[in-house]
Amino acid sequence: MTEYEPVIGIEVHAELLTNSKMFCSCPVEFGGEPNTRTCPVCLGLPGSLPVPNRRAIEFVIRASLALNCEVKEYSDFYRKNYFYPDLPKNYQISQYDNPIGRNGWIDITVDGTVKRIGIRRVHIEEDAGKLIHASVGNESLVDYNRGGLALMEIVTEADIRSAEEAREYLVNLRAILTYIGVTNGKMEEGTLRCEPNISVRPKGTEKFGTKTELKNLNSFRAVYRGVEYEVKRQVEALQSGGRIIQETRRWDDDRGITIAMRTKEMEQEYRYFPDPDLVPMNFSAGLIEEQRSLLPELPQARKERFMKEFDLSAADAEMLTSTRAMADYYEEAVGAYPDYKGISNWIMGDFTRMLNSAGIEIDASKVKPVDLAGLLKMIADNVISGKMAKTVFEEMFNTGASPKEIVKSRGMVQVSSETELYPIIDQVISENPRIVQDFLGGKEKSFGFLVGQIMKYTQGRGNPQAVNQLLRKRLSETKG
Amino acid sequence: MKLSKSEVEHVAKLARLELSAEEADRLTTHLNGIMAHFEKLQQLDTEGVAPTSHVIPMQNVFREDVTGPCLTAEEALANAPESSDGYFVVPQIVEV
Amino acid sequence: MELSTRTAHELHNMLVKKEVSSREITEAVLGRIEQVEGQVSAYITVTADAALAAADAADESFAKGDAPGLLTGIPVALKDNLCTKGVKTTCASKILKNFVPPYNATAIDKLANMHAVPIGKSNLDEFAMGSSTENSIFYPTKNPWNLSCVPGGSSGGAAAAVAADEAIVALGSDTGGSIRQPASFCGVVGMKPTSGRVSRYGLIAFASSLDQIGPLTKDVTDCAMVLQSISGKDPMDSICADVPVPDYLAALKDDVKGLKIGVPKEFFVQGIDSDVSAAVWKAVELLKSLGAECGEHSMPVMEYTLPAYYILAPSEASSNLARHDGVRYGFRSAQATDVDSMFQKTREEGFGPEVKQRIMIGTYALSAGYYDAYYRKAQQVRTLVRQSFEEAYSKFDVLITPTTPTVAFGLGERSGNPLEMKLTDVCTIPASLSGIPAISITCGYKNNLPIGLQIMGKHFDEETLLRVAYTFEQNTSFHKNRPALGRE
């Protein structure tokens, strides 16, 4: 049977973190009552005109540079003409011949191998409004609050060959975009939207097969599953003698399948032409260099530095640098207390679990990096046990209090001094003469029971090492 | 170049104009008359001539990223042929 | 002398000297509308209440002496494709029949801020597409000089209102001649300023790269006053230029000595009325006698301007008019069953035949496979036209041509012949394509119908246009003539 290989290109749309919309001064906010953030411009009322947002353009230049794109001096706006009720003017202001960024790339690592994914273009456009399909009645509702938001489109070359590569590309892309602060990159909220073009071809051939476009992929997992499903569907169709229709398919996450969307073929004719309402852009070398100078250390470089500087594994370093906030957090914490591995384990373990269940990002957490560092130091200094630390951290997470405050107010300090422990040890020995005898008779297991009793009296606060050491000492004295 | 009736119908669809068969016939004749007039342009050699999109050479006109006042929902919807609960209402979109 | 027949500068002086109130002027103009509007049909909407309120506000500001503007208290007609907050703005189209903008066009705001008096919204060809104001869904406007003739278009209502003393001045819009051609037909002064001189914000778009708002007035001084009042950079219009606005009234000098005037022969086209040609040449002779240096010139690329314009303007229009879809404002067909049928039926029923035809041409010209042959080619022609003017202006300060090849034609006479209709724009289109300023003033009559003289200048050099036009006016008396309408 013919073996097929997938050929995948990905279009990503990212909403930019500007204060105002792309071509008017309406504020960019999420939620809120419908149609309360519009003006004649973003409603496309007759006579209104667009004026581009300078920051949005700078953001796209910055993103282009971060994605290793060429940024040419000349760039301009085109109109993309098509009718849809969420598109107020029935054309979208976009770019065509002269996008801001082109011919870039990012490197991804899959199965330990580095692969370069080409970026064909990065351009600016405006977002559409939101359509709500009423569940009852023969109508749809339109809210233009989102209409006109600044949207960046990033298009790859058809370089991607698997669902894993598709996901990895997106993870890397999102990390870069959030690092440079141009988007919040939330797939679940739709501020980062991913639309892969997928086709398959017999292995070893050059010619592209017929492609389908996937929509409604709202998480990395959905991207992986959606692409994997669609590739499999296409291969099976071809192997059973069927053919692929060029169409847009919607990923149904619950059912785990893709479904053809009934869209009209003729929509492909967009009649692009230069927007006569907008003047061209001409980026000086100075402006481009200024934007380059504003780029922070990007995820790949940071990951490599983390591995070297903090002696972390590639997997740990990648995880810690997957968002700028997490990497910043880690660096601040290890700056306060250099337990590189310990802090890494905490962040990727309990902390991440709790963040996930609270549905927040690390920079929105109440736990300050310096306090996480403090907690690790308290464990190392035997102030608290590892077990107690979990309880303390939970409270840190919920209240934002420092570990010192929590330990103090809860009286959770570890008991390790002779003056505190000997009275308890003596009491346990006197209460359990038989067991003491067993131990002295060589029954080592009895020691554990005695330790347990001591821990019970100290309400778990006894420092295990100190308890062991002092109990042995006392027992040997008893023997003598 | 000559427009066929089916091309005229395709263009009408792109432009979202519903033409009757009779109108399509009339427009086909009419548009061909006008388009013939445009053929004159093909006589002119424009090899190497840059197209002009803007007659006044301007560049880099931007607004700063600051917010301004919006219309209220009532104002936004005041001209709407149909609205409900703060939304514009359109007939159902036929799509999955 | 009736107040309504006076010019804005005369009335401005009277207002400043408190010899008259804006309310008196406004009532006089409303009275004149009452008298002749039934015959002329210059307006779609007369805003008498708003006008009187603005007149009272103007009188109050004169009373307080708080630096009134040049047009404070002066009744202005506004072409009905200029958005007026709270006042129906229809573009003479069914599709916008009930559209009430929630905002003012920038030019309107400037007038409102100085308490100019908005007397009404004037008639036009639907979406400014036409040359006779016969393509209005409401009614055709008549030429005040001869009610069986068209006033020209598309700013026919504005030109007729000024000519018939139904307004003191007017704002129109010009895309391929829509101010100058009706000004010529109605015997008033009309100017298309340089592209980018006046903000287009709030002007309902026809062809964005060609549209320009400008004055229609009784004389050149009024033209300068209106231009002064509406010009300047606007942050709401990206292509509105950041070029300082000079003192246009100071440019009004009765002196053309040493000015170089070119007469391009290609504008004296085949089919031009010999009386029109003669009147224009007579005007050139007069300017020569006043000290200007005049010479003939040739601009061979001009024969390509008409087809280039009739590709570019509909192409842009096909995209600009896409927003009129029955979703957010305006007419919606009652026959719609789903979204697509709503779009198609709304636009089919809402637009008139001329508009639909241009949308069709534009959609076709922009469609895949034809873009290079049509749209791109036309833009290249535009470059050649621009270069041709640049070359001409290396020799001349201004160029003089007829505004239109003939005087006003009869109502209905050309509506069956679109190509002949479009020929009336042949002299005005070149300035539109190259973005240069151009003014039309009266230079004669044929059969009691005015003949227009067009003066074209360099980018942002409206001052020289005004100077030449003013000099001509000071040495002739055409501008003093008024149609006999209602005064026989």
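Predicted model: local features only at pLDDT ≥ 70, side-chain atom pairs only at ≥ 80, totals over all residues.

Residues are numbered from 1 along each chain as its sequence is written, chains are lettered from A and ligands numbered from 1 in the order in which they are written, and side-chain values use heavy atoms, with hydrogens and water left out.

A salt bridge here means a side-chain nitrogen of Lys or Arg within 4 Å of a carboxyl oxygen of Asp or Glu. Searching the whole structure turns up 65 of them over all chains.

Start by selecting A:Asp277 and C:Arg200, a salt bridge with its closest N and O atoms 2.9 Å apart. A:Asp277 sits in the loop between β15 and β16 of chain A, and C:Arg200 in the loop between β5 and β6 of chain C, so this pair joins two chains. (Strands are DSSP runs of E, at least two residues; helices are runs of H or I, at least four; both are numbered from the N terminus.) Both A:Asp277 and C:Arg200 are buried, that is, under 20% relative accessible area; exposed is over 50% and partly exposed in between (1.4 Å probe, protein chains only).

Next, pick A:Glu331 and A:Arg302, which form a salt bridge at 2.8 Å, N to O. A:Glu331 is in helix α7 and A:Arg302 in helix α5, so the pair ties together parts 29 residues apart in sequence.

Last stop: C:Lys257 and C:Asp255, a salt bridge at 3.7 Å, N to O. C:Lys257 counts as exposed at 59% relative accessibility, while C:Asp255, at 27%, is partly exposed.
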